[in-house]
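Have a look at the fold first, and then we'll go through the parts.

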Amino acid sequence: MSDERSHKFSEGTGFDDPYEGFDLEPPELEVNPEEVDPVDSRVVTDLLDQQSIPRDKVSVGDLIEVGLSYTRINRFEEATETFERAARFADDGSREEQEAWTNKGVAHAELEEWDEAISAYRESIHIDDDSEHAATAETNLAYALWESGRTEQALEHSERAVEIDQRFPQAWFNRGFFLLERGLVEDAVNCFDNAIRLGFRNAHVIEEKARALEELGEDEEAERLAEEAEEMRKEAEEELVQE
C-alpha cells in the first residue's frame with residue numbers, strides 16, 4: 001500500500017516570532033563548533049541524554065519542531081529519538097505529549113518499524129482517545145496493524161478514526177481500503193467518495209475507487225478513473241522533473 005494512504009505527521013505550531021533559536025537554552029546545551037558539527041543529527045538528543053535538564057528549561061513545542069524538521073529531510077531515526085524526548089519532557093496528559101507520541105509512531109512507520117509504531121500510537125490514544133491527534137493516531141495505527149498482518153484490528157481502528165473525526169479524509173480512505181479488501185465494495189466506494197469530497201484526491205485514491213467500481217461491474221467508469229489516475233501520476237512526475 002502506498003504511503004499516501006496514511007503516515008500523517010502533525011503540522012506543528014511553528015517557532016516563536018521573532019525566532020531567536022530553540023528554547024533549549026541552558027549552557028549545558030551549548031556546543032563548540034570546533035569540536036562538534038553543529039548540524040550533526042544527534043547533537044541535541046545526545047546532549048539531552050548527557051545532562052539533567054529541568055522541564056521548565058525545555059520548550060516541548062520547539063523540540064517537536066526539531067523532530068518535524070528531521071522528517072522533512074527523511075532523517076526518521078533521529079526524528080523518533082527527538083519525538084520521544086518531546087513526549088518525556090511534555091506535561092503528562094498534555095496535547096504536546098500526545099502530538100509527540102503520534103509523530104513518533106509515524107516516524108517509525110516510515111522506517112517500517114511496525115511494532116514500535118503501534119506502541120507509540122497506542123501511547124498517544126491512551127492520553128486522549130477523542131482528540132484531533134487521536135484521530136490521526138487511530139488511522140495510522142490501522143495502517144501499522146495492517147502491515148503487521150492484523151487486518152481485522154486494522155478495520156476496527158480505521159472505523160474508530162472516522163467516528164472521532166468525520167472530516168478527516170485519510171481516515172475515510174483507510175476505511176474504504178480495508179472494506180474493499182474485505183469484499184465490502186459498495187461501502188468502500190462510499191468511503192472513497194467521502195475522502196475525495198473532503199479534499200483527499202490523488203492518483204492512489206482514484207485508483208482504489210476504480211478498482212472498487214470494476215468489482216461492481218461498472219467497467220466504463222472504472223476505466224475512466226484509471227485513465228485519470230494515470231494522468232495525475234504523469235503530471236506529478238513532470239512537476240518533479242521541473243523542480
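## Ground rules

One term comes up all the time: a residue is buried at under 20% relative accessible area, exposed at over 50%, and partly exposed in between, using a 1.4 Å probe and protein chains only. Keep in mind that this is a predicted model, so local features need pLDDT of at least 70, side-chain atom pairs count only at pLDDT 80 or more, and totals for chains, interfaces and linings use all residues. Residues are numbered from 1 along each chain as its sequence is written, and side-chain values use heavy atoms, with hydrogens and water left out.

## The overall fold

How many helices and strands does the protein have? There are eleven helices and zero strands, where helices (H or I, at least four residues) and strands (E, at least two) are DSSP runs numbered from the N terminus. Along the sequence, that reads as α-α-α-α-α-α-α-α-α-α-α.

Of the 243 residues, 48% are buried. Take the contacts (heavy atoms within 4.5 Å) with a separation of 6 or more: 61% of them are between residues 24 or more positions apart. The accessible surface is about 13000 Å², with 40% of it belonging to carbon and sulfur atoms; areas come from the Shrake-Rupley method with a 1.4 Å probe, and for residues only the protein chains shown count as cover.

## The nonpolar cores

A nonpolar core here is a set of buried Ala, Val, Leu, Ile, Met, Phe, Trp, Tyr and Cys residues joined through side-chain atoms within 4.5 Å. The largest one has 46 residues, and Y121 and F178 touch the most other members. Helices α4 (95–110), α5, α6, α7 (151–164), α8, α9, α10 and α11 each put in at least two residues. The largest share of this core, nine residues, comes from α6.

There is also a second, separate core of 17 residues, with I64, A79, A86 and A90 among them. As background, nonpolar side chains tend to be buried together in soluble globular proteins.

## Aromatic pairs

The whole structure has six aromatic pairs. The rule is that rings of Phe, Tyr and Trp (its six-membered ring) pair if their centres lie within 6.5 Å, and planes under 30 degrees apart are stacked, over 60 edge-to-face, and the rest tilted. One of the pairs is W114 with Y143, tilted, at 5.4 Å centre to centre and 55° between the planes. This pair links distant parts of the chain, with W114 in helix α5 (residues 114–127) and Y143 in helix α6 (residues 132–147), 29 residues apart. Both W114 and Y143 are buried.

F173 and F192 make another tilted pair, 5.5 Å centre to centre with 40° between the planes. F173 sits in helix α8 (residues 169–181) and F192 in helix α9 (residues 185–197), 19 residues apart. F173 is buried at 0% relative accessibility, and F192 is buried with a relative accessible area of 0%. Elsewhere, W146, F177 and F178 form one aromatic cluster.

## Salt bridges

The structure holds 14 salt bridges, each being a side-chain nitrogen of Lys or Arg within 4 Å of a carboxyl oxygen of Asp or Glu. Where do E181 and R211 lie? Their side chains meet in a salt bridge at 3.0 Å, N to O. E181 is in helix α8 and R211 in helix α10 (residues 203–215), so the pair ties together parts that are 30 residues apart in sequence. E181 is partly exposed at 37% relative accessibility, and R211 is partly exposed at 28%.

R88 and E84 bridge with their closest N and O atoms 3.3 Å apart; both lie in helix α3 (residues 76–89), four residues apart, about one turn of the helix. E84 is partly exposed at 28%. In helix α11 (residues 219–242), E228 and R224 are also four residues apart, about one turn of the helix, and their closest N and O atoms are 3.6 Å apart in a salt bridge. E228 counts as partly exposed at 21% relative accessibility, and R224 counts as partly exposed at 42%. R201, E221, R224 and E228 are linked in a network of salt bridges.
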